[in-house]
Amino acid sequence: MRILIVEDQVKLGQFIQQGLVECRYTTELVRSCADAEAAFESEGFDAVVLDLGLPDGDGLDLLSGWRRGGFNEPVLILSARDSMADRVKGLDLGADDYLPKPFGLEELQARMRSLLRRHTSVKHTRLSFGGVEMDLSAHTVQVLGKPIDLTSREYALLEVFMQNQGRILPRMVIAEKVWSSHYDVETNLLEVYMSRLRAKLESAAGRPLFKTVRGVGYQLQ
């Protein structure tokens with residue numbers, strides 16, 4: 001599980017990071033809205049720990065933008081704003097939990113485990129985008145109602161895009177998720193599989209589905 005921590009207080013951020021690492025989560029710590037947005041553009045995250053009072057903006061604006069952009073993973077707000085109105089506003093904008101400061105590390109760890117456990121149990125087994133239907137339980141893919149035969153690697157590649165709809169995914173991120181290796185990026189194997197996936201899906205859809213972002217990666221559009 002990869003967790004983004006957005007916290008501008010250095011010591012507190014490191015404290016949170018260490019606590020989550022102890023739970024065997026992979027973490028990335030950023031300290032501003034700009035850095036959080038940059039992290040989102042380059043990486044995929046399974047959850048976010050979000051402070052609201054950031055030096056260059058409000059964490060609630062970040063949260064609102066992520067939800068509008070289709071990010072559905074758990075977000076835990078940490079904030080010194082602990083009034084009922086603040087909590088209600090945060091939850092209404094899409095937060096999954098709200099933990100006021102100061103807080104205990106054990107409580108933070110427990111809440112994160114609970115959020116991830118609940119989210120994993122209710123994740124949709126069907127993904128849909130632009131006429132493409134992916135059934136994760138049946139391991140099938142259809143385009144405009146027509147079954148598409150994919151190899152296991154092509155299926156894994158498509159699932160990465162379907163789980164990150166509309167996001168620009170760097171080549172290295174894709175390779176790590178599909179092959180767990182940087183080697184395949186260097187050997188252009190990703191391009192080969194992208195070509196195959198495009199041929200199967202776009203011919204059935206009758207339109208382009210993937211955009212090549214030169215020098216970066218690909219986007220399902």
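Is Leu-144 buried or exposed? Leu-144 counts as exposed, at 60% relative accessibility. Exposed means over 50% relative accessible area, buried means under 20%, and partly exposed lies in between (1.4 Å probe, protein chains only).

This is a predicted model, in which local features need pLDDT of at least 70, side-chain atom pairs count only at pLDDT 80 or more, and totals for chains, interfaces and linings use all residues. Residues are numbered from 1 along each chain as its sequence is written, and side-chain values use heavy atoms, with hydrogens and water left out.

**Overall build**

- The protein chain has nine helices and 14 strands. Helices (H or I, at least four residues) and strands (E, at least two) are DSSP runs, numbered from the N terminus.
- The radius of gyration is 19 Å, close to the 17 Å that the globule rule gives for 221 residues, so the protein chain is as compact as a globular protein of that length. The radius is taken over C-alpha atoms, and the rule is 2.2 Å times the number of residues to the power 0.38.
- The C-alpha trace spans about 55 × 35 × 30 Å along its principal axes.
- Of the 221 residues, 45% count as buried.
- Take the contacts in the protein chain with a separation of 6 or more: residues 24 or more positions apart account for 56% of them. A contact means heavy atoms within 4.5 Å.

**Surface and charge**

- The protein chain exposes about 11,300 Å², and carbon and sulfur atoms supply 49% of that area. Accessible areas come from the Shrake-Rupley method with a 1.4 Å probe; for residues, only the protein chains shown count as cover.
- There are 27 positive and 31 negative charges, and their mean positions are 4 Å apart. Lys and Arg count as positive, Asp and Glu as negative; His and the chain ends are not counted. The place of a charge is NZ of Lys, CZ of Arg, CG of Asp or CD of Glu.

**Aromatic rings**

- The structure holds five aromatic pairs. Rings of Phe, Tyr and Trp (its six-membered ring) pair if their centres lie within 6.5 Å; planes under 30 degrees apart count as stacked, over 60 as edge-to-face and the rest as tilted.
- Phe-40 and Trp-66 are stacked, because their ring centres are 4.2 Å apart and their planes lie at 10 degrees.
- That pair links distant parts of the chain: Phe-40 sits in helix 2 (residues 33-42) and Trp-66 in helix 3 (residues 59-68), 26 residues apart.
- Phe-40 is buried at 8% relative accessibility. Trp-66 is buried too, with a relative accessible area of 6%.
- Trp-66 also pairs with Phe-71: the ring centres are 6.4 Å apart and the planes at 70 degrees, so this pair is edge-to-face. Both Trp-66 and Phe-71 are buried.
- Ring pairs link Phe-40, Phe-45, Trp-66 and Phe-71 into a cluster.

**Backbone points in loops**

- Lys-101 and Pro-102 are joined by a cis peptide bond, with omega about -5 degrees. Pro-102 lies in the loop between strand 7 (97-100) and helix 5 (105-122).
- Arg-24 is a residue other than glycine with a positive phi, near 70 degrees. Its loop runs between helix 1 (10-22) and strand 2 (26-30). Arg-24 counts as exposed, at 78% relative accessibility.
- Leu-144, again a residue other than glycine, has a positive phi near 50 degrees. Leu-144 is in the loop between strand 10 (140-143) and strand 11 (146-147).

- Leu-190 is in helix 9 (residues 189-205). Leu-190 counts as buried, at 0% relative accessibility. From C-alpha to C-alpha, Leu-190 and Tyr-155 are 13 Å apart in space, and 35 residues apart in sequence.
- Glu-202 is also in helix 9. Glu-202 counts as buried, at 18% relative accessibility. Leaving out residues up to four places away in sequence, Glu-202 touches Leu-197, Arg-207, Pro-208, Leu-209 and Phe-210.
- Val-132 belongs to strand 9 (residues 132-135). Val-132 is buried, at 2% relative accessibility.
- Val-132 and Gln-142 are ten residues apart along the chain, and their C-alpha atoms are separated by 5.8 Å.
- Not counting residues up to four places away in sequence, Val-132 touches several residues, including Leu-127, Gln-142, Leu-158, Met-162 and Leu-209.
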